[in-house]
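I opened this entry to look up a few parts of the structure. My notes follow in the order I took them.

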Amino acid sequence: DETEAETSPEWGPGGVDMGVPSVARVYDAILGGKDHFAIDRVIADKAMAVMPNARTGARANRAILERGVRYMAREGIDQFLDLGSGLPTARNTHEVAQQENPHARVVYVDNDPIVLAHGRALLAENDRTRVVNADVRDARDVLTRPEITELLDLKRPLGLLMVAVLHHLADADDPTELVRTYREALAPGSYLFITHFCDSTPEGRELEHLFLSTLGSGRFRSRATIEGFFAGTEPVEPGVVLLPYWRPDTPVTDESAYAGLTMIGGLGRVPQ
Ligand code: SAM
């Protein structure tokens with residue numbers, strides 16, 4: 001019976017299958033948000049069993065996102081392209097950027113329909129910010145879509161965020177080449193901002209196994225590969241580091257709080 005199928009608890013808003021986990025929702029569950037389903041929470045709980053510090057790690061990622069956007073805004077960047085932006089949470093890119101510069105423009109790109117639905121609701125009254133549904137692997141589409149190019153001028157310096165998204169691309173997607181394509185499209189003075197799972201700890205390898213077997217993505221790559229994403233840019237101090245150590249607001253005094261964390265990242269500037 002069609003009516004029953006439509007109201008079945010298996011199906012969430014917008015025809016989203018609540019029986020299939022999504023990266024955006026599992027990440028929301030790890031962060032401690034509320035925009036996820038039971039199936040996502042099961043995976044988040046397993047991740048936190050493998051790595052007791054997983055929530056700290058996810059929050060460290062949100063925290064560097066805020067510091068990185070603030071840094072770029074203070075360097076004069078007034079337009080941001082946030083690829084794989086995720087579900088709205090505390091201190092989103094546009095909030096941080098527009099706090100520094102009310103005229104800053106932000107386009108969020110994600111391929112998860114729930115991100116689009118929540119994002120549009122949040123941004124209904126903000127004409128300088130937009131959420132676009134696109135696949136970041138298709139750089140040509142992203143860089144030429146009128147929805148994006150109407151708001152962002154690629155001939156001017158821009159902040160490009162690929163924060164916690166490249167590890168959800170397969171090796172076959174050639175993330176190094178993809179980043180190069182984006183970087184080559186950026187005007188001098190632009191910034192590339194990347195964070196990525198690094199395979200430097202035993203917990204990392206166990207988490208990778210969990211994510212790949214449940215979500216089909218979540219690859220932990222080597223420091224050399226991650227540093228290679230920044231080719232053709234000038235590193236912003238202190239370079240590519242464990243996230244809490246990238247320009248912390250207050251110096252890190254208790255290193256044990258970050259034991260086992262596996263994400264590294266930083267910013268590179270496209271030279272003049
Ligand atoms: N950037 C946010 C952050 O760091 O807090 C969210 C990161 S979340 C772990 C990864 C996001 O990338 C998810 O929202 C997921 O839907 C999105 N994503 C994964 N693969 C994608 C693709 N091929 N195209 C667009 N978005 C993608």
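I began with a term: two strands pair if DSSP finds at least two bridges between them. I then looked up strand E4 (residues 159-163) and found 5 bridges joining E4 to E5, with the two strands running parallel. I noted one partner by name: valine 163 is bridged to threonine 195 in E5.

The average pLDDT of the protein is 93, and 94% of the residues score at least 70. For the complex, the predictor gives an ipTM of 0.99 and a pTM of 0.95. Where pLDDT is low, the predicted coordinates should not be read in detail.

I went back to E5 (residues 191-197), where 7 of 7 residues are buried. Which way do the side chains of E5 point? Tyr191, Phe193, Thr195 and Phe197 point one way, and Leu192, Ile194 and His196 the other. In a regular strand the side chains alternate between the two faces of the sheet.

Next I checked the ligand. The shell has 20 residues, and Ala24, Gly84, Gly86, Asp112 and Ala164 come nearest. I sorted the shell into 9 nonpolar, 6 polar and 5 charged residues. Helices H2 (23-31) and H4 (54-74) each supply at least two of the shell residues.

Last, I looked along H4. H4 has 21 residues and reaches 30 Å from first C-alpha to last, close to the 30 Å expected. Its buried residues include Ala54, Asn61, Leu65 and Met72. Just after H4, glycine 76 takes a positive phi of about 100°.

Methods:
Residues numbered from 1 in each chain as written. Predicted model: local features only at pLDDT ≥ 70, side-chain atom pairs only at ≥ 80, totals over all residues. Near = placed C-beta within 6 Å. Helix = DSSP H or I, 4+ residues; strand = E, 2+ residues; numbered from the N terminus. Nonpolar A, V, L, I, M, F, W, Y, C, P; charged D, E, K, R; others polar. Expected span 1.5 Å × (residues − 1). Buried ≥ 20, exposed ≤ 12 C-beta atoms within 10 Å, placed from the backbone. pLDDT = per-residue confidence, 0-100.
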